Amino acid sequence: MTVRMLDDVRPEESDHDFLPGMRRAWMMPWYDLVARTRGLGRLYRRTVELAGVAPGQNVLDVGCGTGNLSREVLRAVPDAVVTGLDPDGDALRRAARKLRRRPRTEVTLVRGFAHRLPVDDASQDHVISSLALHHVPRAEKERLAAEIARVLRPGGRATIADFAGDHASEHGARAGATHDADNADGGIEKLLTAAGLTDARALERMTVLGDSVVFVQAER
C-alpha cells in the first residue's frame with residue numbers, strides 16, 4: 001500500500017489545542033489494545049456498513065486516529081479512495097504503519113483540524129467519523145458541520161458514530177474534558193441539519209465501552 005503523509009496545520013494553528021484519543025498523549029500506545037479488547041471492531045464495521053461506500057468512491061475519515069475506521073473501509077472496499085484527518089501526528093504515524101500492510105490500496109493521512117477539512121469543495125462521496133465528535137467543542141462542531149456540507153458532493157453522505165450524550169453515561173462521567181452532552185437529544189442530527197444537510201437521522205444505537213453510541217446519517 002502507498003500511504004501519503006501530509007501536514008496541513010498552518011502556523012497560526014500550531015498551538016491549537018486538541019484532545020487525544022485516550023485523552024492524554026502518553027496513553028495513545030494503548031489505544032489499539034483497548035480497541036481490540038473492548039470490541040470496537042464491531043463499531044467500525046457497522047459504521048462502514050451503514051455508510052454504504054461503493055468501489056472507487058472518495059471517503060474522508062474525520063478524526064481517524066490510528067486508522068482503524070479507514071482500515072475497515074479498505075477491508076470492505078479495497079479500491080475506495082480514503083483520506084484520514086487527525087490533529088495527532090503520533091496517531092497518524094501509527095495509522096500509516098498499519099495501513100501499509102494492506103496491499104493494492106492508497107491512503108492519504110493528513111495532520112490537521114476538523115474545522116478546516118483538507119479536501120476540495122464537493123469532492124467527497126462520504127464523510128465518516130467514529131468516536132471523534134465528542135472531543136470537539138460546540139463552536140468547532142458547527143464549523144466542522146459546515147465543512148462537511150462544503151466537501152460532500154450532491155447526494156454525498158455523512159455517517160457519524162459517537163456517544164449519544166446521555167447525561168448519566170459512564171463515558172461522560174469518566175471523561176469530564178469531553179463534550180458528550182452536545183450529542184444528547186438529537187444533537188448530532190440538529191448540528192448537521194443546521195449546516196444544510198438533509199434527512200439527518202439516527203439510524204441505530206450500540207453499546208460501546210459501557211455507553212450508548214448513536215449512528216447518525218445525513219445527506220448533501
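Strands β2 (residues 58-62) and β3 run parallel and are joined by five bridges. Here strands (E, at least two residues) and helices (H or I, at least four) are DSSP runs numbered from the N terminus, and two strands pair if DSSP finds at least two bridges between them. The structure is a predicted model, in which local features need pLDDT of at least 70 and side-chain atom pairs count only at pLDDT 80 or more, while totals for chains, interfaces and linings use all residues. Residues are numbered from 1 along each chain as its sequence is written, and side-chain values use heavy atoms, with hydrogens and water left out.

Between the two strands, the chain passes from β2 through helix α3 (residues 68-76) to β3, and this β-α-β crossover is right-handed. A crossover is given this hand if, with the strands pointing away from the viewer, the path from the first strand over the helix to the second runs clockwise. In β5, Ile128 stands opposite Asp61. On its other pairing, β3 is parallel to strand β4 (residues 106-111) over five bridges, and Gly84 has Leu109 of β4 as its bridge partner.

These strands belong to an open sheet of eight strands with mixed pairing, in the order β1-β4-β3-β2-β5-β6-β8-β7. Strands β1 (2-7) and β7 stand at the edges with a single partner strand each, so one side of each is left without a neighbour in the sheet. In general, strands of a sheet pair through backbone hydrogen bonds, either parallel or antiparallel. The antiparallel sense is found between β7 and β8, which are joined by eight bridges; there, Glu204 has Phe215 of β8 as its bridge partner.

Five of the five residues of β2 are buried. Both faces of this strand are covered, with Asn58, Leu60 and Val62 on one side and Val59 and Asp61 on the other. Strand β3 (residues 81-86) is mostly covered, five of its six residues being buried. Over the protein chain, 53% of the 220 residues count as buried, and the secondary structure comes to seven helices and eight strands. Of the chain's contacts (heavy atoms within 4.5 Å) with a separation of 6 or more, 76% are accounted for by residues 24 or more positions apart.

Helix α2 (residues 40-51) comprises twelve residues and reaches 17 Å from its first C-alpha to its last, close to the 16 Å expected at 1.5 Å a residue. The expected span is 1.5 Å times one less than the number of residues. The buried residues of α2 are Leu40, Leu43, Tyr44, Thr47, Val48, Leu50 and Ala51. Seen down the axis of α2, these buried residues fall within an arc of 165 degrees, so they line one face of the helix; the arc is that of the directions from the helix axis to the C-beta atoms. After α2 comes Gly52, with a positive phi near 70 degrees.

Positive phi values also occur at residues other than glycine. Asp185 has a positive phi of about 55 degrees and is placed in the loop between α6 (170-174) and α7 (187-194). With 65% relative accessibility, Asp185 counts as exposed. For Leu209, phi is near 55 degrees, again a positive value; Leu209 lies in the loop between β7 (198-208) and β8 (211-219) and counts as buried at 17% relative accessibility.

The loop between α6 and α7 also holds His179, which counts as partly exposed at 25% relative accessibility. Leaving aside neighbours within four places in sequence, His179 is in contact with His134, His135, Val136, Pro137 and Lys141. His179 and Phe163 are 16 residues apart in sequence, with a C-alpha to C-alpha distance of 9.5 Å.

Note on methods
Buried < 20%, exposed > 50% of the residue type's maximum accessible area, 1.4 Å probe, protein only.
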